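I wanted to get my bearings in this one before reading anything else about it. These are my notes, in the order I looked things up.

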Number of protein chains: 2
Amino acid sequence: MPQQRSEETRARILDAAVRRFAIAGYDAASVDDICAEAGVSKGAFYHHYPTKQAVFLALMQGWLGMIDMGMSAARKDTVPETLVYMTNLLPGVFAAAEDRLPMFLEFWLQASRDEKIWKAVIAPYRHYQEIFTQLVEDGIAEGSLKQVDSQVAAQVIVSLAVGLVLQGVLDPHGADWEKTARESMQILMKGLAK
Amino acid sequence: MPQQRSEETRARILDAAVRRFAIAGYDAASVDDICAEAGVSKGAFYHHYPTKQAVFLALMQGWLGMIDMGMSAARKDTVPETLVYMTNLLPGVFAAAEDRLPMFLEFWLQASRDEKIWKAVIAPYRHYQEIFTQLVEDGIAEGSLKQVDSQVAAQVIVSLAVGLVLQGVLDPHGADWEKTARESMQILMKGLAK
DNA sequence: ATAAACATACCGACCAGTCGGTATGTTTAT
DNA sequence: ATAAACATACCGACTGGTCGGTATGTTTAT
């Protein structure tokens with residue numbers, strides 16, 4: 001592996017960036033900060049990434065990719081099982097990424113204002129919607145779910161998840177979000193499952 | 001009425017601020033921008049508000065107050081009726097505040113990072129939670145809802161609403177959010193109503 | 001040798017907040 | 001009544017500092 005030092009530098013920059021962005025936010029996290037935390041010079045930073053935004057985008061892509069993988073891997077035998085399993089995954093997501101969750105919000109906000117970022121985020125986002133829509137259709141086909149509008153049902157599920165995560169970010173100690181997530185899905189399933 | 005000019009200036013500043021913040025975001029909206037849009041000097045700005053953050057906070061307080069009022073006014077005869085009515089209110093919220101919705105996200109994000117803002121936002125937020133909890137309990141008492149955990153049910157409702165609004169911000173044309181909101185609530189009600 | 005990787009010094013734009021001073025009321029003393 | 005004294009509202013140039021990005025020089029690996 002010829003350029004392995006280079007690889008490591010890139011990784012260090014990304015690693016430092018995610019921490020600085022998470023703590024301070026996109027604007028307040030300066031390139032100098034990130035470089036300092038990464039133990040890397042500004043020259044190195046701009047050698048590997050053309051702009052600060054490019055780093056942000058790279059982080060976002062990585063994050064979206066991870067979600068994608070996680071969702072594919074979560075598929076179980078039946079649809080309700082899959083959904084319950086996914087719900088049980090949520091606390092792990094919280095624990096593993098506690099301090100990074102504000103970044104999720106930051107992604108969303110930037111996407112709502114920046115055309116380029118929006119395009120980068122909207123494609124995978126719609127892809128998730130499709131996955132859930134397909135999941136619900138599978139559930140209907142296998143007879144475990146009622147004959148609901150699969151599109152709407154998928155959006156309900158996603159909305160619920162997004163809302164839970166967001167409230168978890170805002171008020172981590174305001175509720176037992178793990179329990180809430182589990183019971184929320186149960187209530188939802190009563191409306192969806194046969 | 002002494003110094004009514006003063007009142008008007010404050011109003012103009014707030015009005016300009018909400019527009020600039022909505023379009024550009026908190027950081028990118030400079031005080032100079034806001035002053036220019038308000039047709040007011042920087043001196044006037046700092047005469048009325050000690051900091052830029054103070055203006056932001058004032059806007060947030062106003063917004064939270066409006067939500068509070070809206071929710072109180074939405075109470076109908078029975079609990080399911082109230083919930084459905086509230087859902088039907090959502091599109092109006094969207095239409096009336098389309099370009100301001102990213103500010104809602106901004107509030108959330110700032111609150112997650114700034115102690116002072118967090119305290120200002122968390123009290124009314126928990127108040128809403130209580131209102132919904134009470135609403136669910138009323139529903140159980142009047143026999144229109146199943147005997148669910150009222151706290152959890154309230155959180156489900158709020159999560160769903162937050163998730164819908166957020167997705168509406170990110171992808172306004174990605175779905176018919178009005179229809180989705182209505183049908184979402186119906187699915188939820190199947191899990192909650194007797 | 002030479003090209004990629006990295007470091008340092010620097011630039012220009014921007015920005016929140018300050019400050020000295022002015023304009024517009026409002027109160028007080030005569 | 002009215003002028004002086006005071007208070008509030010407002011103006012806009014200026015400051016001190018930050019930040020994204022660049023230019024230029026040095027090291028390292030092949």
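I call two residues in contact if their C-beta atoms, placed from the backbone, lie within 7 Å. This is a predicted model, so I kept local features to pLDDT of at least 70 and side-chain atom pairs to pLDDT 80 or more, while totals for chains, interfaces and linings use all residues. Residues count from 1 along each chain as its sequence is written, with chains lettered from A and ligands numbered from 1 in the order in which they are written.

Entry one, a single residue. I looked up B:Leu166 and found it in helix H8 (residues 150-170) of chain B; helices here are DSSP runs of H or I, at least four residues, numbered from the N terminus. Leaving out residues up to four places away in sequence, B:Leu166 touches A:Trp108, A:Val162 and A:Leu166. B:Leu166 is buried, because 23 other C-beta atoms lie within 10 Å (20 or more counts as buried).

Entry two, the two copies. I laid chain B on chain A by a turn of 180° and a shift of 0.1 Å along the axis, and the RMSD was 0.2 Å. That is how a two-fold axis relates copies.

I found 20 residues around DNA strand D, with A:Ser30 and B:Ser6 among the closest; near means a C-beta atom, placed from the backbone, within 6 Å. H3(B) gives the most to this surface, five residues.

Methods. Helices (H or I, at least four residues) and strands (E, at least two) are DSSP runs, numbered from the N terminus. Copies are superposed by least squares on the C-alpha atoms of residues with pLDDT of at least 70 in both. A residue is buried if 20 or more other C-beta atoms lie within 10 Å of its own, exposed if 12 or fewer, and partly exposed in between; C-beta atoms are placed from the backbone.
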